[in-house]
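Subject: Structure handover

Hello,

Here is the structure for you to take over. My notes on what was found in it come after.

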Amino acid sequence: MSGYRQSALLLHGLGVQDQRWILDQLSKDDQVTLRSHLAELKDLGIPVDRSMLANLGISETGGKLDALQAASAADMQLLLSGEPVWLIKQVLSLENWPWKQEYLASMTSAQADKLKHMQLPQPGPRARQSLRSHLLQELKLARNASFNTNEDEARPNSWSQRLLRVLGR
């Protein structure tokens, strides 16, 4: 695939204003070529693939993703494995994660059904910020621990146990 086509696919995942800004930074010839490829994608009805952007660490608005947003579904499966469904639901509700759909698709139908029907109150802003911050810290720890061959040493408690300890329970 040509560089122009790859670039058009990435631009296709951005919002119109961001596309326009990026295109305005290019030469007229490059703009014409990329606009042609973008029009072709639209005419063919090719859906926007935001995962391409996430894989590059770019948000839908063109900003840089943090480690949680840029994580893969596999990263999150590892991080949240063995955690209770209520905690997973709270994590998924924090924001519209780029990895969310792939994560949900990896769940068993029983887990997905339980998650779908579970009713939980939405945490307040401070609790959401604290949960997100702790999740980011745990992701970093899990990535660092992946180099450690002794898993018991790397993760002595489940994520929820450590979270409850942070909350003082």
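**Salt bridges**

Arginine 35 counts as partly exposed, at 38% relative accessibility. Please keep in mind that the model is predicted. The side chain of arginine 35 meets that of aspartate 24 in a salt bridge, at 3.9 Å from N to O. Since aspartate 24 lies in helix 2 and arginine 35 in helix 3, the pair ties together parts that are 11 residues apart in sequence. Aspartate 24 is also partly exposed, with a relative accessible area of 46%.

The count of salt bridges comes to four. Another of them joins glutamate 40 and arginine 5, where the closest N and O atoms are 3.1 Å apart. This pair links distant parts of the chain, with glutamate 40 in helix 3 and arginine 5 in helix 1, 35 residues apart. Glutamate 40 is partly exposed at 33% relative accessibility, and arginine 5 is partly exposed at 38%.

Arginine 132 and aspartate 66 also meet in a salt bridge, at 2.7 Å from N to O. Arginine 132 is in helix 10 and aspartate 66 is in the loop between helix 4 (50-55) and helix 5 (67-70), so the pair ties together parts that are 66 residues apart in sequence. Salt bridges that share partners join Asp66, Glu95 and Arg132 into one network. Aspartate 66 has a relative accessibility of 24% and counts as partly exposed.

**Helix 3**

Helix 3 covers residues 28-43, which is 16 residues. From its first C-alpha to its last it reaches 22 Å, close to the 22 Å expected at 1.5 Å a residue. Its buried residues are Gln31, Leu34, His37, Leu38 and Leu41. Seen down the axis of helix 3, the buried residues fall within an arc of 135°, so they line one face of the helix. An α-helix has 3.6 residues a turn, so residues three or four places apart point the same way. What covers the buried residues of helix 3 includes helix 1 (3-12) and helix 2 (16-24). On the other side of helix 3, Lys28, Asp29, Val32 and Asp43 are exposed. Just after helix 3, glycine 45 takes a positive phi of about 75°.

**Aromatic pairs**

The structure holds two aromatic pairs. The ring centres of tryptophan 97 and tryptophan 99 are 5.2 Å apart and the planes are at 20°; the pair is stacked because planes under 30 degrees apart count as such. Tryptophan 97 is buried, at a relative accessible area of 2%, and tryptophan 99 is buried at 2% as well. Tryptophan 99 also pairs with tyrosine 103, edge-to-face, with 6.0 Å centre to centre and 70° between the planes. Tyrosine 103 counts as buried, at 5% relative accessibility.

**Methionine 118**

Methionine 118 is found in the loop between helix 9 (109-117) and helix 10 (125-145). Is this residue, methionine 118, buried or exposed? Its relative accessible area is 18%, and because buried means under 20%, methionine 118 is buried. Leaving aside neighbours within four places in sequence, methionine 118 is in contact with Val85, Trp86 and Lys89. The C-alpha atoms of methionine 118 and lysine 89 are separated by 8.1 Å, and the two residues are 29 residues apart along the chain.

Regards

Conventions
Residues are numbered from 1 along each chain as its sequence is written. This is a predicted model: local features need pLDDT of at least 70, side-chain atom pairs count only at pLDDT 80 or more; totals for chains, interfaces and linings use all residues. Side-chain values use heavy atoms; hydrogens and water are left out. Rings of Phe, Tyr and Trp (its six-membered ring) pair if their centres lie within 6.5 Å; planes under 30 degrees apart count as stacked, over 60 as edge-to-face and the rest as tilted. Buried means under 20% relative accessible area, exposed over 50%, partly exposed in between (1.4 Å probe, protein chains only). Helices (H or I, at least four residues) and strands (E, at least two) are DSSP runs, numbered from the N terminus. Contact means heavy atoms within 4.5 Å. The expected span of a helix is 1.5 Å times one less than its number of residues. The arc is that of the directions from the helix axis to the C-beta atoms.
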